[in-house]
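Student: I have a model open and want to learn how to read it. Can we go feature by feature?

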Amino acid sequence: MAKKCWQMLENNPEVMNQLAGKLGLSSELQFYDVYSLDEPELLAHIPRPALALLVTIPLTPAWDKNRKAEDAGKEPYAGFGPDEPVIWFKQTIGHACGSIGLLHSVINGPAADHIKPDSDLAVIRSAAIPLDVTRRAEMLYNSEPFERAHRSVEEDGQSYSDSKAERDGGHFVSFVKHGGKLWELEGSRMGPLDRGDLNDDEDVLSPRALEMGLKRIIKLNADEGGESLLFSCIALARKA
């Protein structure tokens, strides 16, 4: 039986707000374009605190090398249950990285308080908590509501893509603040990545969070002489 392979999603607020709403996130939260990582006037439209960043980043040689070094020798992720620091999904569906990135962004941290009771999102989150990484991935793989929600937005956005076509190596990564830490969440890694502590007044768009998260990846590329990194970034925050 062929492995499931969906259409890639575009990382923009229109698509992700629709997907989040279909799954059951309250309209009290929404995604916003991040136009700059450094210029306050270009971030002023985003209400603070920002709860999550969802980023699409090309897999450059420098980042690829760093990822392999970080993951080398790691034991399979064993987190589950109510004491798990964050809920993480291993990706087993082809090209579902956008939807899984969305999940990571909204079921962890304060955003989880805005999930509608009895929604598909609430059911997925509740079902995931007691499952180990393998059974959790199987649950998501077999989730018809998750697949319906993804497919309902596949052709939205400005860069519809054929899942059978060669990809450019882009990866969806979610950065979430939870438990006073910045977490880097991506379904193709060995597990969730604790990037460091954040103060109470620091959100995912704070200078320290950006240095530990997205700017760390940008710096890896720059330090090895790579070309300017073209990435897409949206932020989850309360509705303005």
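Student: At what angle do helix α4 and helix α5 pack, and how far apart are their axes?

Tutor: First, note that this is a predicted model. Helix α4 covers residues 120-128 and helix α5 covers residues 133-141. They pack at about 160°, with axes 10 Å apart. Angles over 145 degrees count as roughly antiparallel. So α4 and α5 are roughly antiparallel to each other. Their crossing is right-handed.

Student: Which residues meet between α4 and α5?

Tutor: From α4, look at I124, A127 and A128. From α5, look at R136, M139 and L140. By class, this contact has five nonpolar residues, one charged and no polar.

Student: How many salt bridges does a search of the whole structure find?

Tutor: Start with the idea. Side chains of opposite charge can pair when their charged atoms come close. Here the search finds 22 salt bridges. One of them joins E147 and R151, with the closest N and O atoms 3.0 Å apart. Both lie in helix α6, four residues apart, about one turn of the helix.

Student: Is E147 buried or exposed?

Tutor: The cut-off for buried is under 20% relative accessible area. E147 has 19%, so E147 counts as buried. R151 has 38% and counts as partly exposed.

Student: Where do D197 and K181 lie?

Tutor: D197 is in strand β5 and K181 is in strand β4, so their pair ties together parts 16 residues apart in sequence. Their side chains meet in a salt bridge at 2.8 Å, N to O. D197 is partly exposed at 49% relative accessibility, and K181 is partly exposed at 27%.

Technical notes:
Residues are numbered from 1 along each chain as its sequence is written. This is a predicted model: local features need pLDDT of at least 70, side-chain atom pairs count only at pLDDT 80 or more; totals for chains, interfaces and linings use all residues. Side-chain values use heavy atoms; hydrogens and water are left out. Axes are lines fitted to C-alpha atoms, for helices over the stretch in contact, and angles run from 0 to 180 degrees between N-to-C directions. Helices (H or I, at least four residues) and strands (E, at least two) are DSSP runs, numbered from the N terminus. Angles under 35 degrees count as roughly parallel, over 145 as roughly antiparallel, 65 to 115 as roughly perpendicular and the rest as oblique. A crossing is left-handed if the near helix is turned anticlockwise from the far one by less than a right angle, and right-handed if clockwise. Contact means heavy atoms within 4.5 Å. Ala, Val, Leu, Ile, Met, Phe, Trp, Tyr, Cys and Pro count as nonpolar, Asp, Glu, Lys and Arg as charged, and the others, Gly among them, as polar. A salt bridge is a side-chain nitrogen of Lys or Arg within 4 Å of a carboxyl oxygen of Asp or Glu. Buried means under 20% relative accessible area, exposed over 50%, partly exposed in between (1.4 Å probe, protein chains only).
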